[in-house]
Amino acid sequence: MTKVETQNFVAKTKTLIDELKAVCASYGLGNDGNEFKIISQIFLYKFLNDKFAYEVKKLKPELAKSENWEADLAKIDDGEYNLLQFNLGVDTAFLKPHQLIGYLFDRQNEPDFAKMVDDTLIDIAVSNNDLFAVKTEDGQKIQLFDRLTEYVSSKRDAFVKALFNKLTLFNFENIMGEGFDFFSTIFEYLIKDYNSDAGGKYAEYYTPHAVSKIIANILVPAPVSNVTIYDPSAGSGTLLMNLAHAIGPEKCTVYSQDISQKSSNLLRLNLVLNKLVHSIENVIQGNTITDPYHKINGKLRHFDYIVSNPPFKLDFSDDVDTLNKKENKARFFAGVPNVPAKKKESMSIYTLFLQHIIYSLKEGTGKAAIVVPTGFITAQSGIEKKIREKIVDSKMLAGVVSMPSNIFATTGTNVSIVFLDAANKEDVVLVDASNLGTNVKEGKNQKTLLSPIEEKQIIETFIAKEAKEDFSVVVSYDEIKAKNYSLSAGQYFEVKIKYVEITAKEFESKMNDFESNLEELFKDSKTLEIEIKNNLKTLSYE
């Protein structure tokens, strides 16, 4: 597809999403907690339907020429139909003719149409469970679809008819060859109204595209293959998708964990759109800090690449006793934050994620990038200081990028990105990008946007380990120790004093001006002193 055709299709896809949301609003589901499930799952059903059609038509080209390919597909005998399953791509859901959207659309006027659709979605989920199910930390499987029409209190048949009327006017088949840039745009638009904290234990953090791009490009400056990538606080998977794109979907395996079922479902959708279906089996819904899932022979798995934008502050006081147990001492080497008497929600949970990541990094070769509050890089004591000492003394720090304020529209916290590299035994690069970007208003919030040129400047400076005046420094581990383990670029910048030469006559003129101004100030002071004394004399006791 040409660039213009791609842009047009993006616009059409966004229109479909808007129309599906409008249908939900018309049936009382606008801003309802269940709207997210309906929109994301009906969109996924449509995508899987068209993906199946795309693959089947490649296997049987005569179907592509058919006026009613679903009907012609249904005429194939069972034996031949089952053979199709073995020839389909490994990332394609296998559907029966009666499970296709076209088949259901033709029966929308039959009694209990809503039940027919719900039954179909559940059948698809069950038959494709091995490929598309997300697991919980205790091994239970979260299947692909729910009974969607049951979220509507009345007029279910009419509701699902309205949805299908939108789906049948749209086709994904022509864009199955598109890549990450296309589908990341679609995914961001699809979830934009749903990717916020709904009151659960962890927020559904969404990492800005600029941050994800910078991380992926710095972590993977050269081609790699057959690697593992991991996010212990995956959210909807923005960091993982950017990293997988930089590596190549076929060259990496994704592992993740997140306590939110909502986030895990969003991540599954993201993996489907980005040709990473083979990694869905590694998506775990569960508490990484108390119950890390990914293990080999009973021990925590170590990964080639780890990325994370963890929650910064959170009340995890109920878990403190568990985390302080002997078996967790090695993982949380710097300690577990104390429970404050007040404001338990201010507990620094990100320090636990940081320690977990360091512990989970492949020895000798592992790389990681973690988004942290900028205060972490200069904290003078406590767990933060101990973590910095560990990564510096162990010589596993690649560098730090301090980002502009408001790079996240949803929080005013200044953030930095800490890059770890177990193989980096030499100099470290510290980048101060805080003065870059353009401020824009996003809703009620101010947000800073980096231009592509600024993103490139950060990436290239970091990879080249280049020192630039008031922007970046290259320092040794010993220099960092001498600065009390500070990772702030600003503390290493050279302080320059500018000297200006003046003549004796100019000097005498400036001194006369200073003396004159000083005399005026003394006069004003004397006048004010007299006025205050006179006012005091007028005061009397009543």
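Author: What follows goes through the sheet strand by strand, and then turns to a loop, the salt bridges and a surface patch.

The model is a predicted one, in which local features need pLDDT of at least 70 and side-chain atom pairs count only at pLDDT 80 or more, while totals for chains, interfaces and linings use all residues. Residues are numbered from 1 along each chain as its sequence is written, and side-chain values use heavy atoms, with hydrogens and water left out.

The sheet is open and has eleven strands, in the order 2-1-5-4-3-8-9-11-10-12-15, with mixed pairing. Strands here (E, at least two residues) and helices (H or I, at least four residues) are DSSP runs numbered from the N terminus, and two strands pair if DSSP finds at least two bridges between them. Strand 2 (141–142) and strand 15 stand at the edges, and because each has a single partner strand, one side of each is left without a neighbour in the sheet.

Strand 3 covers residues 227–231, and five of its five residues are buried, where buried means under 20% relative accessible area, exposed means over 50%, and partly exposed lies in between (1.4 Å probe, protein chains only). From strand 3, V227, I229 and D231 point one way, whereas T228 and Y230 point the other way, and all are buried. Strand 3 pairs with strand 4 (residues 252–258) in the parallel sense, over five bridges, and T228 has T253 of strand 4 as its bridge partner.

Further along the order, strand 9 (residues 367–373) and strand 11 (residues 415–421) pair in the antiparallel sense over seven bridges, with A369 standing opposite F419 in strand 11. Helix 11 (residues 209–219) packs on the sheet, where it touches strand 8 (305–308), strand 9 and strand 11, and its direction makes about 150° with that of strand 9. Contact is taken as heavy atoms within 4.5 Å, and the angle, on a scale from 0 to 180 degrees, is that between N-to-C directions of axes, which are lines fitted to C-alpha atoms, for helices over the stretch in contact.

Strand 12 (residues 428–432) is mostly covered, since five of its five residues are buried. V428, L430 and D432 point one way from strand 12, and V429 and V431 point the other way, all of them buried. Strand 12 runs parallel to strand 10 (residues 397–402), to which four bridges join it, and S402 has D432 as its bridge partner. Four bridges also join strand 12 to strand 15, in this case with the two running antiparallel, and V428 has V475 of strand 15 as its bridge partner.

A467 lies in the loop between helix 17 (452–464) and strand 15 (472–475), and A467 counts as exposed because its relative accessibility is 54%. A467 and V431 are 36 residues apart in sequence, with their C-alpha atoms 8.7 Å apart in space. Leaving aside neighbours within four places in sequence, A467 is in contact with S472, V473 and V474.

The salt bridges come next. A salt bridge is a side-chain nitrogen of Lys or Arg within 4 Å of a carboxyl oxygen of Asp or Glu, and by this rule the count comes to 17. K46 forms one with D50, the closest N and O atoms being 3.2 Å apart; both residues lie in helix 2 (residues 35–59), four residues apart, or about one turn of the helix, and both are buried. D91 forms a salt bridge with K51, with the closest N and O atoms 3.8 Å apart. This pair links distant parts of the chain, 40 residues apart, with D91 in the loop between helix 5 (78–87) and helix 6 (101–105) and K51 in helix 2. D91 and K51 are both buried, and a network of salt bridges links K51, E55, K58 and D91.

Another salt bridge is formed by D393 and K481, whose closest N and O atoms are 3.8 Å apart. D393 lies in helix 16 (residues 382–393) and K481 in helix 18 (residues 477–482), so the pair ties together parts that are 88 residues apart in sequence. D393 is partly exposed, with a relative accessible area of 43%, and K481 is partly exposed as well, at 35%.
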